[in-house]
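Please open the structure in your viewer and keep the sequence panel beside it. The stops below are meant to be followed in order, with a new selection at each one.

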Amino acid sequence: MRCAQLRTALSARLDGEPAGVPDRRLDKHVARCAACREWLERAERLRAPLLADGADEPSAEWTAGLLARIGGLGGEDAGVVEDGGAEEGRPGQGGGGRTR
């Protein structure tokens with residue numbers, strides 16, 4: 001197996017999903033492969049803050065911050081999607097999709 005395939009299995013294992021590869025094989029590879037060991041350590045560091053409060057999913061504050069950074073809704077409006085008057089044409093364009 002290639003490192004990319006094993007990293008996919010490691011990711012699944014971190015998420016509590018079936019890895020499709022025996023744990024023993026994953027652990028043996030990580031012990032021998034510095035690149036995969038570093039990848040796994042980074043993945044675990046990135047995952048730790050999400051699990052710090054014991055929740056199964058990220059906090060509302062974390063989600064709002066992420067949405068704000070990617071240009072989505074943030075703050076108190078997080079999770080609220082408005083129609084924007086898109087009867088016709090592209091969503092959110094309103095006015096029947098006509099340009100002015």
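The tour goes from the whole chain to its helices, then to the core, the salt bridges and the parts that call for caution.

**The whole chain**

Begin with everything selected and coloured by confidence, bearing in mind that this is a predicted model, with an average pLDDT of 75 and with 63% of the residues scoring at least 70. Switching to a cartoon shows 4 helices and 0 strands, so that the order along the sequence reads α-α-α-α. Of the 100 residues in the protein, 15% are buried, and the accessible surface comes to about 7900 Å², of which carbon and sulfur atoms hold 50%.

**Helix α2, from both sides**

Next select residues 23-32, which form helix α2, where the mean confidence of 94 is the highest, while helix α4 (residues 60-69) has the lowest, at 84. Which residues of α2 are buried? They are L26, H29 and V30, and because they cover an arc of only 100° around the axis, they lie on the same side of α2. Turn to the other side of α2 and you will find R24, K28, A31 and R32 exposed.

Stay for a moment with H29, a residue of helix α2 whose relative accessible area is 14%, so that H29 is buried. Apart from neighbours within four places in sequence, H29 is in contact with C3, L6 and C36.

**The nonpolar core**

Now select L6, A9, L10, L14, V21, L26, V30, L40 and A43, which together make up the largest nonpolar core, of 9 residues. Helices α1 (3-14), α2 and α3 (34-51) each supply at least two residues of this core, and the largest share, 4 residues, comes from α1. To see one member in its surroundings, centre on L26, which, leaving aside neighbours within four places in sequence, is in contact with L6, A9, L10, R13, A19 and V21.

**The salt bridges**

R13 is partly exposed, with a relative accessible area of 27%, as are D23, at 42%, and D27, at 41%.

For the remaining bridge, select R42 and E38, whose side chains meet at 3.1 Å, N to O. Both belong to helix α3 and are 4 residues apart, which means that about one helical turn separates them. R42 has a relative accessible area of 38% and is partly exposed, and E38, at 47%, also counts as partly exposed.

Where pLDDT is low, the predicted coordinates should not be read in detail.

Technical notes:
Residues are numbered from 1 along each chain as its sequence is written. This is a predicted model: local features need pLDDT of at least 70, side-chain atom pairs count only at pLDDT 80 or more; totals for chains, interfaces and linings use all residues. Side-chain values use heavy atoms; hydrogens and water are left out. pLDDT is the predictor's confidence in each residue, from 0 to 100. Buried means under 20% relative accessible area, exposed over 50%, partly exposed in between (1.4 Å probe, protein chains only). Accessible areas come from the Shrake-Rupley method with a 1.4 Å probe; for residues, only the protein chains shown count as cover. Contact means heavy atoms within 4.5 Å. The arc is that of the directions from the helix axis to the C-beta atoms. A nonpolar core is a set of buried Ala, Val, Leu, Ile, Met, Phe, Trp, Tyr and Cys residues joined through side-chain atoms within 4.5 Å. A salt bridge is a side-chain nitrogen of Lys or Arg within 4 Å of a carboxyl oxygen of Asp or Glu.
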